[in-house]
2 protein chains.
Amino acid sequence: MSAKNAFYAQSGGVTAVINASACGVLETARQHPDRIDKVYAGRNGIIGALTEDLTDTSAESDEAIAALRYTPSGAFGSCRYKLKSLEANRREYERLIEVFRAHDIGYFFYNGGGDSADTCYKVSQLSASLGYPVQAIHIPKTVDNDLPITDNCPGFGSVAKYIATSTLEASFDVRSMAKTSTKVFVLEVMGRHAGWIAAAGALAEDHGIPVLVLFPEVEFDQTRFLAAVQEKVERHGFCTVVVSEGAHHPDGRFLAEQGTRDAFGHAQLGGAAPVVANMVKEAFGYKFHWAVADYLQRAARHLASKTDVEQAYAMGRAGVEFALAGHNAVMPTVRRLSNDPYAWEVGEAPLAEVANVEKFMPKEFISADGYGITQACKDYLIPLIQGEDYPPFEHGLPKYVTLQNRAVERRLGLFEVE
Amino acid sequence: MSAKNAFYAQSGGVTAVINASACGVLETARQHPDRIDKVYAGRNGIIGALTEDLTDTSAESDEAIAALRYTPSGAFGSCRYKLKSLEANRREYERLIEVFRAHDIGYFFYNGGGDSADTCYKVSQLSASLGYPVQAIHIPKTVDNDLPITDNCPGFGSVAKYIATSTLEASFDVRSMAKTSTKVFVLEVMGRHAGWIAAAGALAEDHGIPVLVLFPEVEFDQTRFLAAVQEKVERHGFCTVVVSEGAHHPDGRFLAEQGTRDAFGHAQLGGAAPVVANMVKEAFGYKFHWAVADYLQRAARHLASKTDVEQAYAMGRAGVEFALAGHNAVMPTVRRLSNDPYAWEVGEAPLAEVANVEKFMPKEFISADGYGITQACKDYLIPLIQGEDYPPFEHGLPKYVTLQNRAVERRLGLFEVE
């Protein structure tokens with residue numbers, strides 16, 4: 001079997017550890033020069049493939065590739081772009097094959113979440129539908145932890161560790177101030193449909209912090225929520241509220257919606273925290289503070305979970321190993337073997353069962369009152385935030401790598417992405 | 001000389017390292033049992049003294065006191081409460097003396113910012129005006145870095161490290177997303193009047209990040225700002241804006257004011273980030289994300305600056321040493337000896353020159369266009385964010401200490417704080 005080139009790209013919202021997966025892919029590929037010649041990275045995800053905008057990772061030093069393990073964000077650029085069906089946009093699929101053929105690409109590694117798994121699945125069907133041999137492997141990534149089958153998603157453990165730590169730290173702050181100043185602190189976190197990230201905030205509870213979580217899975221009830229806040233403040237002197245950006249009223253309206261939509265038609269959210277904070281202020285006059293963590297939470301490589309980094313790397317490595325073993329249309333997964341001591345192994349899922357399926361918080365992970373998490377949820381979460389994996393620092397700041405991203409010479413004409 | 005008891009309290013907004021100063025005070029006091037018997041901590045700052053709400057730190061183990069060094073927030077509770085003048089509220093001063101006398105307090109250590117220095121200065125004058133011998137020492141603390149005389153304030157270095165790191169990390173994220181999604185990221189940081197914290201965000205610039213800073217020291221000019229954003233986005237594909245909560249229009253209106261005021265009459269701010277983000281969106285249609293760091297920034301002990309932790313501890317230790325040397329109405333300071341290699345020593349400032357004086361960014365620290373920092377500013381900032389000083393972690397979260405705070409038996413009647 002002669003060596004083929006591989007294509008790797010990152011898609012969707014990036015994370016603190018998606019580059020650790022890239023590191024796993026690239027380091028593993030470099031160990032198999034007989035099977036994988038060059039790995040070309042697509043600039044900005046699938047758009048790089050469509051527009052033949054490729055960078056040659058073989059131009060990067062081993063040191064630079066190793067530094068990806070501790071560099072947050074997507075080193076090759078990401079995209080929010082979903083391939084339509086073959087029927088709806090045959091032109092794009094034919095272009096992909098043209099690019100793959102021009103650059104002798106036999107392996108397609110796509111690193112992303114649910115929408116990206118769909119894109120990867122469509123690519124995996126090219127062999128059958130358009131007669132071009134390519135093996136497509138999806139590498140899981142999403143801070144939202146909403147992919148099915150896999151026990152958890154690389155990217156989530158680190159954001160969970162960040163939100164749990166930040167909730168704990170800010171709550172200690174509020175506790176200090178509550179006598180004469182701030183009594184309620186509201187932290188807004190990511191999670192459009194699934195409350196996994198918000199759930200992590202509730203881990204501060206075991207450290208003496210009164211926390212109320214507003215999950216997207218639980219319809220917001222203002223009267224009941226305000227009563228819960230009042231009860232916490234009267235008992236503890238203060239209260240922390242962790243609100244998911246996806247928290248919504250019974251009629252589906254988000255607590256705060258900016259009214260704009262992203263490329264996938266998802267509502268662009270933000271601003272639930274000030275809404276909740278002002279609601280509390282109006283009801284009780286409590287002085288409040290609020291924070292919106294936004295990109296800080298998913299980019300916080302300085303506080304990554306060691307477990308998460310290891311799993312992100314392992315998913316990248318397994319993706320290459322699956323490809324070398326001849327697999328197609330699959331995704332490596334994390335399979336949990338036990339909670340305590342935590343043990344896991346790499347599993348494998350068919351992409352057909354992953355694409356476009358969202359995993360929500362199980363009902364038994366949310367406490368009866370809807371504002372907290374159960375012991376089962378803690379048992380699930382705690383292993384995922386285990387361990388620290390600090391990046392190197394220089395002059396007081398993390399020393400993250402920016403790759404050269406040397407362009408691969410174009411062999412084809414231009415192509416306009418719609 | 002017989003041993004006296006000491007009073008220690010924390011005041012104003014707390015920081016990631018104010019407890020490191022407490023640690024310095026308490027560990028140093030424990031080394032001088034012949035001069036300092038017990039250290040009583042005031043619950044919630046000066047309010048604890050006025051209401052005789054004291055806790056006995058001698059009940060805490062050496063291990064618990066040592067853990068204060070890596071625990072953020074104020075372990076004894078803080079307050080926003082400023083003593084009026086002796087003429088305006090003689091009742092409070094007489095009460096303080098009554099409490100000091102009842103508990104044999106000869107040393108008063110007050111750990112806070114400019115308003116707290118004023119309170120401490122007033123207490124230092126009690127000997128003269130009311131004939132009670134007490135030595136009052138102020139221990140500097142403020143994330144805003146706005147105290148005069150001292151080269152910098154404990155608390156600032158850690159928030160600067162957090163904001164510089166977060167700006168860098170989130171900007172890497174935006175850079176990944178910019179092709180098809182977010183092009184402008186806005187991070188709102190603390191700093192009502194002084195732009196020191198915002199300035200730290202500009203340190204990401206040397207790591208290839210296009211950053212625009214909106215300082216409180218520079219009047220906001222919407223047209224000029226939008227042109228600067230457009231220029232950055234066109235050149236780099238993306239742009240990060242770090243906006244100080246104190247950024248304001250030429251007429252003095254803050255970019256976003258919630259309309260409420262705190263106990264000192266300061267406007268309570270928040271929400272400049274969404275205002276700026278929407279302004280950019282309306283002008284150019286750029287997709288944006290915004291974050292408000294709020295308490296996360298000043299509580300982030302997990303990313304404290306080692307320099308800051310050491311200085312915070314040293315200020316606490318020096319405060320006790322000054323007291324033992326018979327000083328009154330002073331504050332230990334950081335005196336910078338050189339930038340590179342960074343060297344500093346403990347200095348001493350008279351409280352009369354510290355109280356109520358705010359230090360702003362020098363003009364020569366802000367770049368000519370008003371949106372960045374100069375090399376002189378970088379030379380000033382970089383030593384302050386040097387080094388990491390991670391707290392211990394357990395089960396994935398920092399292991400912070402909560403003290404017992406055992407109450408000291410009351411000897412006096414109740415007292416109502418106005």
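Guide: Let's start with A:Thr333, which lies in strand 12 (residues 330-339) of chain A; strands here are DSSP runs of E with at least two residues, helices are runs of H or I with at least four, and both are numbered from the N terminus. This is a predicted model, where local features need pLDDT of at least 70, side-chain atom pairs count only at pLDDT 80 or more, and totals for chains, interfaces and linings use all residues. Residues are numbered from 1 along each chain as its sequence is written, chains are lettered from A and ligands numbered from 1 in the order in which they are written, and side-chain values use heavy atoms, with hydrogens and water left out.

Visitor: Why does A:Thr333 count as buried?
Guide: Buried means under 20% relative accessible area, exposed is over 50%, and partly exposed is in between (1.4 Å probe, protein chains only). A:Thr333 has 3% relative accessibility, so it counts as buried.

Visitor: Which residues is A:Thr333 in contact with, leaving aside its neighbours within four places in sequence?
Guide: Among them are A:Ile149, A:Met315 and A:Val346; contact means heavy atoms within 4.5 Å.

Visitor: What makes A:Thr333 and A:Glu348 a polar contact?
Guide: The rule wants a pair of N or O atoms within 3.5 Å; within protein, one must be able to donate a hydrogen and the other to accept it, and residues adjacent in sequence count only if both atoms are side-chain atoms. Here the backbone nitrogen of A:Glu348 lies 3.4 Å from a polar atom of the A:Thr333 side chain.

Visitor: What makes B:Asp173 and A:Arg298 a salt bridge?
Guide: You need a side-chain nitrogen of Lys or Arg within 4 Å of a carboxyl oxygen of Asp or Glu. These two side chains meet at 2.7 Å, N to O, and the rule finds two salt bridges across the interface of chain A and chain B.

Visitor: How much area is buried between chain A and chain B?
Guide: About 6000 Å², with carbon and sulfur atoms giving 61%. Buried area is the accessible area (1.4 Å probe) that two parts lose on being put together, summed over both. As for contacts, 72 residues of chain A touch 72 residues of chain B.

Visitor: How do you know that helix 4 of chain B has close to its expected span?
Guide: The expected span is 1.5 Å times one less than the number of residues. Helix 4 (residues 90-102) has 13 residues and reaches 18 Å from its first C-alpha to its last, close to the 18 Å expected. Its buried residues include B:Tyr93 and B:Leu96.
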